[in-house]
Amino acid sequence: MSAAARGNREGRWAWRLTGFVTLCVYIFLFAPIIATVVLSFNASMFGGFPMTGFSLQWYGKLLGNEQVLAAFRTSMWIALVTAVITTAVGVVTAYTLIRFEFRGKQMLNTLVILPALVPETILGVGLLVAIKAVDQPRTSLLLVLGHILLAVPYVVLIAQARMVGIRRVYEEAALSLGASRLASFREITLPLLVPAVVAGALLAFTISFDNTSASLFWRPAGVETMPTQILSMLKISISPEINALGTVMILVTVGIPLIGGLLLQGLTRLRRRGNPEEKT
Amino acid sequence: MPDKLTDQTSKPRPSPAGASQAVAGSAAARPGAEGGTPAVEFRDIDIAYGKFVAVRDFSLAIRRGSFVTLLGPSGCGKTTILRSIAGLVDISGGQISIGGRRVDDVPIYKRNIGLVFQSYALFPHKNVFDNVAFGLKYRNVPKADIQRKVRQALEMVRLPGSEKKLPSQLSGGQQQRIALARAIVFEPEVLLLDEPLSALDANMREEMRVEIKKIQKETGITAIFVTHDQEEALSMSDRIVVMNAGAVEQIGTPEEVYETPATAFVADFLGKANMLAGTVSAADQQTATVSLAAGQTVTVASPRALAPGAAVTVVVRPQKLAVGPAATSNRLAGRVVSTSYLGSSAIYEVDIGGRTTIRANTPISGKIAREGEAIDVGFGPADCVLLDENGSRIA
């Protein structure tokens with residue numbers, strides 16, 4: 001047998017092994033999601049395998065569950081408000097950090113990212129303690145502020161990465177042509193930042209919609225978000241209704257960024273065929 | 001260093017408060033427009049970035065309608081000067097006026113200047129029309145006029161009908177034309193060009209050079225052009241401001257700076273002149289005999305009587321040197337070190353002794369001298385410039 005053929009056979013085995021490991025990783029990653037989705041259609045009274053038949057009854061039950069609907073509404077509006085405010089704050093912060101030189105810039109840079117590094121539980125307790133110290137009640141506003149705190153670092157990072165690619169000459173050109181600083185930001189910088197704005201908003205929405213541990217600390221008495229609602233339902237039993245609720249959550253947190261991404265792609269294709277990084 | 005700032009007559013510069021300014025511009029070109037306020041005027045400009053002084057004591061007045069080039073190596077402060085006119089760089093001392101109006105405190109978007117960048121800087125998300133119309137929009141020009149002016153500007157840069165295209169669909173040269181149209185369409189007081197040709201390939205550069213100059217003449221706009229390319233500077237400018245290390249070395253017409261460099265730097269930067277060091281051995285009112293360090297003696301024209309023993313440098317352009325039998329005066333015997341054949345002419349590097357190599361660029365007549373051949377080079381007494389020991393032209 002020639003050395004080449006032997007090498008080929010070894011290569012084939014290595015390739016098979018890689019394939020097998022990859023498959024295992026994917027099964028490990030997606031099994032929980034698939035199990036949740038599949039079991040949400042189970043006719044059985046128990047929230048686990050085996051499947052006894054196909055049924056939509058658990059979705060029907062969800063729609064009739066006033067508590068779940070309230071939690072869904074709460075999560076939606078909190079995530080929306082969080083996304084809007086976080087994106088605005090994040091983009092302006094990133095713009096400032098990239099475009100201007102000022103004292104304490106490095107410090108601000110670190111401080112902005114810090115909430116992403118501190119464990120969520122600590123942040124949860126911390127904000128609560130702070131609120132207690134100034135003698136304020138736990139309101140939905142606190143919940144929104146908390147979620148903004150959690151999401152801002154990610155939006156800043158995304159916007160900064162995009163901002164670096166937008167060369168300063170575009171703004172200088174706009175200024176030289178007679179646009180004020182605000183006008184050149186609005187007409188030049190912001191449109192070029194759109195991909196980062198959309199990505200940041202989607203991420204902020206998802207972070208807020210998903211958040212569990214910090215929300216447990218921050219929610220006002222009697223208010224549930226989707227994740228906390230699921231947690232409290234789990235305390236009673238593992239009902240198949242929870243699988244249905246889980247599927248809805250997966251749909252929202254995966255579906256919204258997906259739709260957003262597709263929209264953005266379509267928009268980009270419509271408006272231009274190059275972007276500032278590709279064309280210099 | 002006031003002695004570094006030299007106008008074309010090389011008079012010592014008066015005190016900073018003095019009214020006399022170095023004036024760059026085409027004095028003879030538009031006699032009717034004389035005596036008006038300069039389009040752009042710098043008075044004793046200092047610009048510093050932290051502790052680094054980028055420009056010091058820069059004074060210049062630029063005539064309306066003239067094409068002035070700031071020429072120098074990278075880091076000489078030329079781009080800094082240009083950006084200070086635009087308001088993109090803060091000056092730390094002195095004052096800048098555009099059309100007689102002081103602009104030190106005027107923000108960039110109120111200065112009414114047209115700016116063309118090396119990297120074009122067309123807005124990538126706007127089409128050609130919106131790019132060119134941008135400046136008009138912010139000047140509240142009526143819609144119908146915007147349409148007309150944009151069309152005219154695109155015709156001027158020879159890209160009519162490209163309104164709907166996006167910058168990414170255009171070549172580099174086309175993008176720079178659009179950038180030029182965008183900068184002139186609103187009739188700014190000054191057009192600032194920051195190395196606009198450097199990003200283009202060689203053929204396109206040549207074409208754009210002619211184009212820019214033509215458009216500047218047609219519109220009569222005052223243009224300030226920054227480059228490190230001497231060929232661009234010589235071929236396009238009414239006046240050239242040669243800069244080095246944040247200060248002006250010489251201001252003059254292309255012919256003046258090339259033929260009579262005021263300093264050793266200018267002689268070297270423009271066209272790599274031969275610099276022959278020596279000492280004056282004999283002199284009268286019109287001529288000086290110089291013993292070169294290379295061991296040979298030349299007699300050259302001198303503007304005044306020089307003191308024997310004075311250290312001087314004889315500056316001779318490669319094009320002024322005659323080779324072989326054509327070398328009739330100031331013959332220097334040497335040996336060819338290398339020959340570059342350029343078709344219509346040839347460049348010889350000739351060793352004339354004393355570790356001195358001299359460069360001659362001559363039209364080809366007869367056979368070409370090869371490496372190692374003994375050869376004579378020579379130049380006319382008036383075909384050179386004399387510099388004193390400080391590297392300043394003796395006048």
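**Exercise 1. Find the residue in S9(B) that is the bridge partner of B:Leu191.**

Step 1: Strands are DSSP runs of E with at least two residues, numbered from the N terminus. This is a predicted model, in which local features need pLDDT of at least 70, side-chain atom pairs count only at pLDDT 80 or more, and totals for chains, interfaces and linings use all residues. Residues are numbered from 1 along each chain as its sequence is written, while chains are lettered from A and ligands numbered from 1 in the order in which they are written.

Step 2: Look at S8 (residues 190-194) and S9 (residues 222-227) of chain B, which run parallel and share 5 bridges. Two strands count as paired if DSSP finds at least two bridges between them.

Step 3: The partner of B:Leu191 in S9(B) is B:Ala223.

**Exercise 2. List what B:Val314 touches, not counting residues up to four places away in sequence.**

Step 1: Contact means C-beta atoms, placed from the backbone, within 7 Å.

Step 2: By that rule, B:Val314 touches B:Leu276, B:Gly278, B:Val290, B:Val298, B:Val300, B:Cys384 and B:Leu386.

**Exercise 3. Describe the contact of chain B with chain A.**

Step 1: Chain B gives 18 residues and chain A gives 22 residues.

Step 2: On the side of chain B, S7 and helix H2 (128-137) each supply at least two residues.

Technical notes: Two residues are in contact if their C-beta atoms, placed from the backbone, lie within 7 Å. Helices (H or I, at least four residues) and strands (E, at least two) are DSSP runs, numbered from the N terminus.
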